Amino acid sequence: MSVKIGVIADDFTGATDIAGFMSEQGWRVALLPGLPDADRPWTDDADAVVISLKSRSLPAQQATEQALACYRWLKRQTDARQIYVKYCSTFDSTPRGNIGPVCDALMTVSGAPFIAHCPALPQNGRTVVHGHLFVNGVLLNQSGMENHPLNPMQDARITALLAPQTARRIGGIDLATVQRGEEAVAQALRARGDAQHIIMDTLTPADLLIIAAALRDAPLLAGGSGLGGALAALTPSSCTARHAFAFPAQKRAVVLSGSCSSMTNRQVNAYKVHAPWQALTIARCVNDDEDYADTLAEWVMAQDAAGLAPLVYATLPPQELARIQQQYGEQAASEAVERMFARLAARLLARGVNTFIVAGGETSGTVVEALRVKRLIVGKPIVPGVPWVRETERDLALALKSGNFGDEDFFFRAQEYPL
Ligand SMILES: Nc1ncnc2c1ncn2[C@@H]1O[C@H](COP(=O)(O)OP(=O)(O)OP(=O)(O)O)[C@@H](O)[C@H]1O
Ligand SMILES: O=C(O)[C@@H](O)C(=O)CO
């Protein structure tokens with residue numbers, strides 16, 4: 001049975017995000033952290049296979065090589081009908097960006113005549129109108145994303161963000177056309193001329209369903225998780241078995257927050273009022289202090305296992321983050337923080353922590369790699385775009401939260417453990 005969609009996600013929270021939306025539509029989704037071995041055979045039944053990379057901030061050539069390797073694996077091992085490039089609903093990419101090069105390379109290898117881009121996720125306030133990306137009604141570059149530690153977003157026009165990343169022509173389908181329905185979108189796609197990157201305006205979940213219907217046979221797609229969920233809503237699952245999701249019987253949980261988004265700052269502040277917490281000392285991270293991870297792990301394990309999970313965070317508001325970045329350099333600081341989270345996660349796993357609630361895509365990637373997570377299955381969502389996931393081989397549950405997802409009470413909500 002061939003897989004309907006093979007997803008190549010540029011970060012781990014993005015992967016669980018799209019897997020969650022598809023799974024909510026009844027699809028059986030397999031989530032693979034990292035590029036599978038070239039000859040690893042695919043023997044399972046799934047409607048979608050989602051591969052999570054950690055490629056969002058990589059130079060274009062490296063990101064493209066990884067995406068092509070995923071493409072080849074997906075085509076060879078799963079015969080996926082459609083390939084979906086999952087990037088962020090806020091179109092996060094570095095100034096030299098890799099979204100354009102990745103999509104161009106996949107168009108070349110697949111022979112797809114165009115790639116439709118649908119970053120919108122109206123369920124989480126991300127919409128696209130006249131090619132401008134909004135977050136909760138505010139232009140992207142005024143939404144707080146202009147302060148992102150790795151990829152500050154200085155423009156809200158998707159064409160302007162994509163143009164420096166591709167030599168191919170960029171076109172768009174406006175909202176009025178989308179809202180006229182599937183046939184109008186299909187007609188606009190046929191009339192696209194020589195444009196090969198097509199930006200889809202999208203305001204509501206109903207628009208996503210129209211776009212999905214018009215693109216149901218497109219071999220190559222790109223965007224956020226919204227379109228993935230809409231594609232799943234159009235076609236019932238063809239898998240007979242369901243994944244059985246369960247939490248560890250004896251939960252030992254920790255919250256690790258490495259996102260500096262405005263929402264994560266609010267979530268950390270709200271959680272600190274009631275839960276035990278430790279803020280990372282960045283100097284100790286930058287100095288690569290080996291003992292520090294042990295100290296932090298001991299502190300986590302000393303907290304009451306029956307209470308709210310202890311929080312370790314690097315999350316900072318924009319001005320403080322800017323000061324740290326000036327002091328140590330952007331890349332050095334973020335690498336040092338990620339390295340510390342990786343060490344801490346590995347030590348906590350060794351000491352019996354089995355439930356990890358993590359904020360931030362890069363941070364989640366680091367943690368998942370450090371835990372050497374193999375294959376994941378998808379459970380219920382905590383909030384839209386953040387499902388629980390479980391490693392099939394070990395008693396390990398993970399909630400990987402995208403920077404700006406969830407409300408202020410997210411870390412509390414996560415610990416209600418929906419069944
Ligand atoms: N105090 C800090 N000083 C310097 N860098 C930091 C600090 N705190 C976090 N970082 C770095 O900022 C980056 C945050 O990226 P991450 O992807 O984890 O969060 P995010 O971008 O908000 O989430 P998402 O990608 O899911 O939207 C990480 O590389 C992290 O290590
Ligand atoms: O699309 C989103 O907003 C998220 O899945 C994400 O990619 C955050 O890193």
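Reader: Where does E65 sit?

Author: E65 belongs to helix α2, residues 60-78. Helices (H or I, at least four residues) and strands (E, at least two) are DSSP runs, numbered from the N terminus.

Reader: What sort of model and numbering is this?

Author: This is a predicted model, in which local features need pLDDT of at least 70 and side-chain atom pairs count only at pLDDT 80 or more, while totals for chains, interfaces and linings use all residues. Residues are numbered from 1 along each chain as its sequence is written, chains are lettered from A, and ligands are numbered from 1 in the order in which they are written.

Reader: Back to E65. Why does it count as partly exposed?

Author: Because E65 has 15 C-beta neighbours inside 10 Å. With C-beta atoms placed from the backbone, 20 or more others within 10 Å make a residue buried, 12 or fewer make it exposed, and anything in between is partly exposed.

Reader: And how far apart are E65 and A105?

Author: In sequence, 40 residues; in space, 8.9 Å from C-alpha to C-alpha.

Reader: New topic. What is the strand order in the open sheet of three strands?

Author: The order is β6-β7-β8, and the pairing is antiparallel. The edge strands, β6 (126-129) and β8 (138-139), each pair on one side only. Two strands pair if DSSP finds at least two bridges between them.

Reader: How many bridges join β6 to β7?

Author: Four, with β7 covering residues 132-135. R126 has V135 in β7 as its bridge partner.

Reader: Now the ligands. Which residues come nearest to ligand 1?

Author: S259, A314, G360, G361 and G403, out of 26 around ligand 1. A residue is near a molecule or strand if its C-beta atom, placed from the backbone, lies within 6 Å of it.

Reader: Which element gives the largest share of that shell around ligand 1?

Author: Helix α13, with four residues. The elements giving two or more are α12 (318-328), α13 (330-350) and α14 (361-370).

Reader: What about classes around ligand 1?

Author: Ten nonpolar, 13 polar and three charged residues. Ala, Val, Leu, Ile, Met, Phe, Trp, Tyr, Cys and Pro count as nonpolar, Asp, Glu, Lys and Arg as charged, and the others, Gly among them, as polar.

Reader: And which residues are closest to ligand 2?

Author: G14, D17, S89, G361 and S402, among 13 that surround ligand 2. Helix α1 (residues 12-24) gives the most to this shell, three residues. By class, the shell around ligand 2 has two nonpolar, nine polar and two charged residues.

Reader: Which domains does the shell around ligand 2 draw on?

Author: At least three residues come from each of domain 1 (5-234) and domain 2 (253-414). The bounds come from an automatic or database domain assignment.
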